[in-house]
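Here are my notes on the contact between the two chains. Please read them beside the model.

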Amino acid sequence: MDPFIFRTRINQIELLGKKAKNLKQLVENIKTVPSSSIYHHTHRFLEQHIYFSPEHPNDFSYWITTALGLKRLGEIIASVEIFQFKDIESLRNKFIKIIETYLKGTSSLRNCILGEEFSFMSSKMFILNTPFKAHNLEEFISCLRQITIHSFYFHMFEARMRLQKDENDFSRWFKDNGFKRLADQIAFLDPYTHTLEGLRKKIISLATKYTQR
Amino acid sequence: MKPIKEYIPVVGKQVIDELYLVADKVKNIKVQNINSTHSGGGVAEILSRMIPLMKDLGISVSWDSLEAGDKFFTITKKIHNALHGLEVSLTSKEYDYFLEINEKNQKKLSTDSDIVYVHDPQPIALIDKDKGQGKKWLWRCHVDFSKPQQDVWNFLKKFIQNYDASVFSAPAFARKLNCRQVLVSPSIDPLSDKNKRLDQREIDSVLEKYGIDKDKPIITQVSRFDYLKDPLGVIKSYRLVKKYIDCQLVLAGGGATDDPNTIEVLKEAENSAALDKDIFILHLPAQSHLEINALQRASTVILQKSLREGFGLTVCEALWKEKPVIASAVGGIPLQIAHKYSGILTYTTEGTAYWIKQLIQEPEYAKRLGAHGRRHVANNFLITRQIQDYLLLFLSLYNQSDIVDLG
């Protein structure tokens, strides 16, 4: 069995200097900003609020609702199931389609008040090795309890969406080592509907049950 | 100064371990910080706490200040005000003098650093990419930069764009620039006098000193006496509450005693508060960190009713002490408070009064807000996170791609 080597990643947030004061400007920027920006605005909340899920799970829906007052559109954007998307480009296109459809059906363009413009950001990812290594399921559970939330996040989210692997790193390792049912159970979880700590607990619980079979 | 390991009980071993992992990648890089002064002001305070911690992590980091006199600092104060959007005029002679002092200091710069980290506008013109080939230059803006006066901005922009990256505290300060812009939120030090745990005796002694009744609800705003912090609006909100609840108001803060604005605002606040023995206007010296800490910890509700705000770290300070906070939704405050979850965001005097009443009458809800707030600060706004951001910033100067595998 190849060991699972836990890695971690830390983000640096970059400011792109691009701002939007209405929906038209928002969608034009969504079309042109780097994919790391779309990723940042749809995933930032996961790490900033690791113990609870805020009302708006991405920056676009938050801004559309609070700065533009478009609650219905905000809710539609909030409801986009990120888990269903395999890569950032298809997620980007989904947002563009929703907003452009909305714009076609309205004649007025609402501006936010001065100072509440949407500021586009992106994130630069630094990946590092950690000292944690698991040779079996028991060690894996033990490591999972000890690693930082950044390390957990890296294997669960970045692997799939940003590094464009087919599945999260945990499911991949379980599958490679004959724990197929456990791999499927974890791959089936929608990680975006959990808090990070909640998700960590859930995976520890599933893996623990698996060892007790 | 406390060693970095003393932060383990506060932030957890995992966070410090991760900090060491990153620090290990930076240890061969020499960083020289330069700001205007070693004493006084927020930047000096931050650097004086961060530099020893970075050294403890094994980073080769130094800190130098400009050599300049009053004439220079009068000019830079004008520049500072202009960046805040105030109408200020600078003469060409003043610009020339500003450049002359920067040039004199530039000659004394050490030549062996790899990165020169320049803080705020005062030393901004030190940049000289020809001197010391391969040296990287960073510029950190600590001030509210959202509405700068155009001619001063144009003057500074020429220098900013020469830097390898500029660093801002809030997304709203980002501008169209042809150099990288990085976001690093400010932070609080949980072990500093302003934020460390105090025992009840220490808190009570401060209340006693100022004659504040610990058995009556205390509403507090800690901030400079400045129109932008709206102390008069705070008094109005308090009065609306006072009609229904017997409570006290504490307005505590500093502000330079030679600043005409401070004196004027302080006088207006005192006039407005006259004859009400339950309003305490405390103009405290700059080093009153323990007293501020005690006043925050003794409070029932804490306000930050600013009209404009760079970041508003007093919100973090209050949340760290698990206090329910009601604050204006301006500047960096919404980054610190999720409305009705980790605090309350308001827009008006009346709205502020409404929520003060709610939180005094519903202590369990208020307690929950404070607990969530502390957790949010612990995850996002402690000094350990800011150190990590700075270390990544240094590394990013040598790694251009979006995904960097440091191994």
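How many residues does the contact take from chain B and from chain A?

1. The contact (heavy atoms within 4.5 Å) draws 37 residues from chain B and 36 residues from chain A. This is a predicted model, where local features need pLDDT of at least 70, side-chain atom pairs count only at pLDDT 80 or more, and totals for chains, interfaces and linings use all residues. Side-chain values use heavy atoms, without hydrogens or water.

2. About 3200 Å² is buried between chain B and chain A, 57% of it on carbon and sulfur atoms. Buried area is the accessible area (1.4 Å probe) that two parts lose on being put together, summed over both. B:Gln14, B:Glu18 and B:Asp402 supply 17% of the area that chain B buries against chain A, more than any other three residues.

3. Two salt bridges cross the interface (a side-chain nitrogen of Lys or Arg within 4 Å of a carboxyl oxygen of Asp or Glu) by the rule. B:Arg180 and A:Glu14 meet in a salt bridge through their side chains, at 2.9 Å, N to O.

4. Elements of chain B that give two or more residues to the side touching chain A are α2 (13–26), β6 (180–183), α14 (363–380), α15 (383–396) and β13 (403–405). Helices (H or I, at least four residues) and strands (E, at least two) are DSSP runs, numbered from the N terminus.

5. Strand β2 (residues 118–134) of chain A runs parallel to β13(B), joined by three bridges. Strands pair if DSSP finds at least two bridges between them. In β13(B), B:Val404 stands opposite A:Phe126.

Technical notes:
Residues are numbered from 1 along each chain as its sequence is written. Chains are lettered from A and ligands numbered from 1 in the order in which they are written.
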